[in-house]
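Biologist: I would like to go through a protein model with you, and I will keep asking how we know each thing. Could you show it to me?

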Amino acid sequence: MGDEYSMRPATLSDLGTIVAFTLDEASEAEGLELEPDRVRQGVLAGLEDPAVASYWVAEAPDGEGVASTSAVREWSNFNGGYYWWVQSLFIMPRHRGSGLVDLLMDKVAEEARIVGAIDLRLQVNGENIRACEAYRRCRFEETPYVIMRRPLDRG
């Protein structure tokens with residue numbers, strides 16, 4: 001499963017695809033309609049500066065980008081190293097169930113391991129049962145932490 005796909009780091013030429021995937025992910029997973037220009041700005045920042053985020057694209061044999069994911073780093077003063085937070089994982093619907101989640105997660109884990117990251121982390125809507133099951137299959141475990149937020153006015 002997943003053998004027919006290849007993984008590669010994303011480039012600026014993937015900007016439109018990753019923006020579209022991000023918009024679709026937000027809509028499907030959480031019913032959110034994001035501002036396309038703001039998403040474009042966010043993805044572009046990561047593509048231009050690896051210190052902001054790293055992106056990867058999975059391609060079908062014909063070269064079509066069919067999935068993507070990204071990771072951002074968070075320093076842990078408790079553990080003296082970086083956690084890698086997986087973000088924006090999206091797989092085109094017709095390619096779901098083909099092993100791409102495993103391929104994407106293995107690629108991110110490999111890259112994180114190379115630079116000495118502590119572990120991979122992610123947040124997922126608990127009501128998204130299919131995603132939760134896929135992440136558990138990829139050896140993610142639930143933690144005792146609760147994600148909280150304080151929205152700030154962005155003007």
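Modeller: Let's begin with one term: a residue is buried under 20% relative accessible area, exposed over 50% and partly exposed in between, using a 1.4 Å probe and protein chains only. This is a predicted model, where local features need pLDDT of at least 70 and side-chain atom pairs count only at pLDDT 80 or more, while totals for chains, interfaces and linings use all residues. Residues are numbered from 1 along each chain as its sequence is written, and side-chain values use heavy atoms, with hydrogens and water left out.

Biologist: Why does Phe 90 count as buried?

Modeller: Phe 90 has a relative accessibility of 5%. That value is under 20%, so Phe 90 is called buried.

Biologist: Why does the pair tie together parts that are apart in sequence?

Modeller: Phe 21 is in helix H1 (residues 15-30) and Phe 90 is in strand S4 (residues 81-91), so the pair links parts 69 residues apart in sequence. Helices (H or I, at least four residues) and strands (E, at least two) are DSSP runs, numbered from the N terminus.

Biologist: Why is the pair of Trp 75 and Tyr 82 edge-to-face?

Modeller: The ring centres of Trp 75 and Tyr 82 are 4.9 Å apart and their planes stand at 75°, which is over 60, so the pair is edge-to-face. Tyr 82 has 39% relative accessibility, between 20% and 50%, so Tyr 82 counts as partly exposed.

Biologist: Which residue lies over the face of Tyr 83?

Modeller: That is Arg 121, at 3.5 Å from the ring centre. Such a charge needs NZ of Lys or CZ of Arg within 6 Å of the ring centre and within 35 degrees of the ring normal. Arg 73 likewise lies over the face of Trp 84, at 5.0 Å from the ring centre.

Biologist: What is the phi of Ser 88 near?

Modeller: Phi of Ser 88 is near 50°, a positive value in a residue other than glycine. Most residues other than glycine have a negative phi. Ser 88 belongs to strand S4, and its relative accessible area of 23% lies between 20% and 50%, so Ser 88 is partly exposed. Arg 139 has a positive phi too, near 75°, and sits in the segment after helix H4 (129-137).

Biologist: Is Arg 139 buried or exposed?

Modeller: The relative accessible area of Arg 139 is 66%, over the 50% limit, so Arg 139 is exposed.

Biologist: Where is Gly 42 found?

Modeller: Gly 42 is in helix H2 (residues 36-48). With 38% relative accessibility, between 20% and 50%, Gly 42 counts as partly exposed. From Gly 42 to Cys 132 there are 90 residues in sequence and 25 Å in space, C-alpha to C-alpha.

Notes:
Phe/Tyr/Trp six-rings, centres within 6.5 Å; stacked < 30°, edge-to-face > 60°.
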